[in-house]
Amino acid sequence: VSAPWQGRALTVLGATGSIGTSTLDVAARLGIPVHGLSARSRIDELAAQCREHRPAVAVVPDAAAAARLRALVPGQRVEHGPEALDAIAADPAVGAVITAIVGAAGLAPTLAAVRAGKRVGIANKEPLVMAGALIMAEAARCGAAILPVDSEHSAIFQCLEGHRGHEVAELLLTASGGPFRTVMDLSAVTREQALKHPTWTMGPKITIDSASLMNKALEVVEARWLFGIGPERIRVLVHPQSVVHSMVAYRDGSVMAQLGRPDMRTPIQYALTFPEHTAGPVAAPDFATLAALTFEEPDRRRFPSIDFAYAALRTGGAAPAALNAANEVAVQAFLDRRIPFTGIFRVLERVLALDHGPADDLGQVVAADQRARILAAEGL
Ligand SMILES: NC(=O)c1ccc[n+]([C@@H]2O[C@H](COP(=O)([O-])OP(=O)(O)OC[C@H]3O[C@@H](n4cnc5c(N)ncnc54)[C@H](OP(=O)(O)O)[C@@H]3O)[C@@H](O)[C@H]2O)c1
């Protein structure tokens, strides 16, 4: 790898998940040494990863999980708890961190990586939604390079290379539309249907977010902070084939798009090898066999989530953090079959209508997150 962090190692936060395993596949192909790996519940999978990738440190949530991992992989250094997670993100041996934890749980280690001035490949979008202004300010202060891993943001990042914000007319964020794009009545859709994504294979939380278009809502907020472009210049377009990963429309009417197969190893690899595109396992799309690339407006009546994102950005302060927290609670309740699919929208609407205060420091963001979780749970 000719990346600027060459010679130093990689930490993968959330190694056992969908992004985590893809990241380890990419790292092994590129010959990047692994410093830290973390998991929450899948200790057997983490043990297999330790045997294969030989990290310096593996991090699990508690002492019991640590004892289990040590028994499975004798000789492996194992740490536990939140400080250990921050430590593998900030260790001097580490050049790059891929954040692949799901949800607000990734906020502290993401900030630890940023404050240690690492190259930080952000898959875990929820911390940026909660505290985007703070994270970007810390990155500038500490010399961290934030590289998007989300395929849409990787696409926009590539389409923006060499250009400046004032040249941009609009960021065009594409969405597959999810499994319910053509389902007119969402009141009776099931958990099993929601978990079947038409084009991507991902962890359960983001798969439900894709079905509700809340994933795109979170991505609107993510784009606002990653690229410093106001929400009035960010537009969502449904593109069911998931081949055009996103586009940038410039002021002269010229539009740049980035295309690829729906395989997260492409954006993960680019976050690690930027500014170079190096050889990888994913082939380019076969254009001769692509029947059509189509685009349509999202249905904001059936999927109010996208409007929630714009409303939260307009309100500002801790409103996006509260929206994210309420969504995490609502998605878990839907996965546990405690609320129907459309109940997710009701919870979000109710929480978003409340006052969530400012988000000038991390304490305010975390307090708003906690409060919104309680309010969301009360309203289930
Ligand atoms: N999957 C995709 O294609 C994709 C694309 C773009 C963006 N993203 C984003 O990337 C992030 C990860 O998504 P994913 O699909 O890879 O999720 P996933 O498959 O559910 O994996 C999540 C990972 O985080 C760990 N984890 C979960 N909760 C945790 C907690 N409270 N504390 C510490 N670790 C925890 C899990 O550990 P255990 O499994 O051991 O419990 C697992 O390693 C999400 O923010 C998602 O929005 C994903």
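This is a predicted model: local features need pLDDT of at least 70, side-chain atom pairs count only at pLDDT 80 or more; totals for chains, interfaces and linings use all residues.
View 1. A polar backbone atom of R40 is 3.1 Å from a ligand oxygen. For A123, a backbone N or O atom lies 3.4 Å from an oxygen atom of the ligand.

**View 2. The shell around the ligand.** Here 24 residues surround the ligand. The closest are T16, S41, R42, E126 and G203. Sorted by class, the shell holds 12 nonpolar, 7 polar and 5 charged residues. Which helices each supply at least two residues of this shell? They are α1, spanning 18–30, and α9, spanning 204–212.

**View 3. M130 in helix α6.** M130 sits in α6, which covers residues 126–142. Is M130 buried or exposed? M130 is buried, because its relative accessible area is 5% and the cut-off for buried is under 20%. M130 and A89 are 41 residues apart along the chain. Their C-alpha atoms are separated by 19 Å.

View 4. Helix α5 runs over residues 107–115 and is mostly covered. Of its 9 residues, 7 are buried. Which ones are they? The buried residues are L107, P109, T110, L111, A112, A113 and V114. After α5 comes G117. The phi of G117 is positive, near 75°.

**View 5. A nonpolar surface patch.** Four residues make this patch: L259, F287, L293 and F295. The patch is nonpolar and has an area of about 330 Å². Look at F295. This residue belongs to the loop between α11 (265–273) and α12 (305–315). F295 counts as partly exposed because its relative accessibility is 36%, between the cut-offs of 20% and 50%.

**View 6. A cis peptide bond.** Most peptide bonds are trans. The bond between F274 and P275 is cis. Its omega is about 15°. Where is P275 found? P275 is in the loop between α11 and α12.

**View 7. R54, a residue with positive phi.** Most residues other than glycine have a negative phi. R54 has a positive phi, near 50°. R54 lies in the loop between α2 (43–53) and β3 (57–60). Is R54 buried or exposed? R54 is exposed, because its relative accessible area is 66% and exposed means over 50%.

**View 8. R337, in a loop between two helices.** What is the phi of R337? It is near 60°, a positive value in a residue other than glycine. R337 is found between α13 (319–335) and α14 (341–352), in the loop. R337 counts as exposed, because its relative accessibility is 55% and the cut-off for exposed is over 50%.

Notes. Residues are numbered from 1 along each chain as its sequence is written. Side-chain values use heavy atoms; hydrogens and water are left out. A residue is near a molecule or strand if one of its heavy atoms lies within 4 Å of it. A polar contact is a pair of N or O atoms within 3.5 Å; within protein, one must be able to donate a hydrogen and the other to accept it, and residues adjacent in sequence count only if both atoms are side-chain atoms. Helices (H or I, at least four residues) and strands (E, at least two) are DSSP runs, numbered from the N terminus. Ala, Val, Leu, Ile, Met, Phe, Trp, Tyr, Cys and Pro count as nonpolar, Asp, Glu, Lys and Arg as charged, and the others, Gly among them, as polar. Patches are made of residues with over 30% relative accessible area and no salt bridge: like charges are joined within 9 Å, nonpolar side chains (Val, Leu, Ile, Met, Phe, Trp, Tyr) within 5 Å. Accessible areas come from the Shrake-Rupley method with a 1.4 Å probe; for residues, only the protein chains shown count as cover. A salt bridge is a side-chain nitrogen of Lys or Arg within 4 Å of a carboxyl oxygen of Asp or Glu. Buried means under 20% relative accessible area, exposed over 50%, partly exposed in between (1.4 Å probe, protein chains only).
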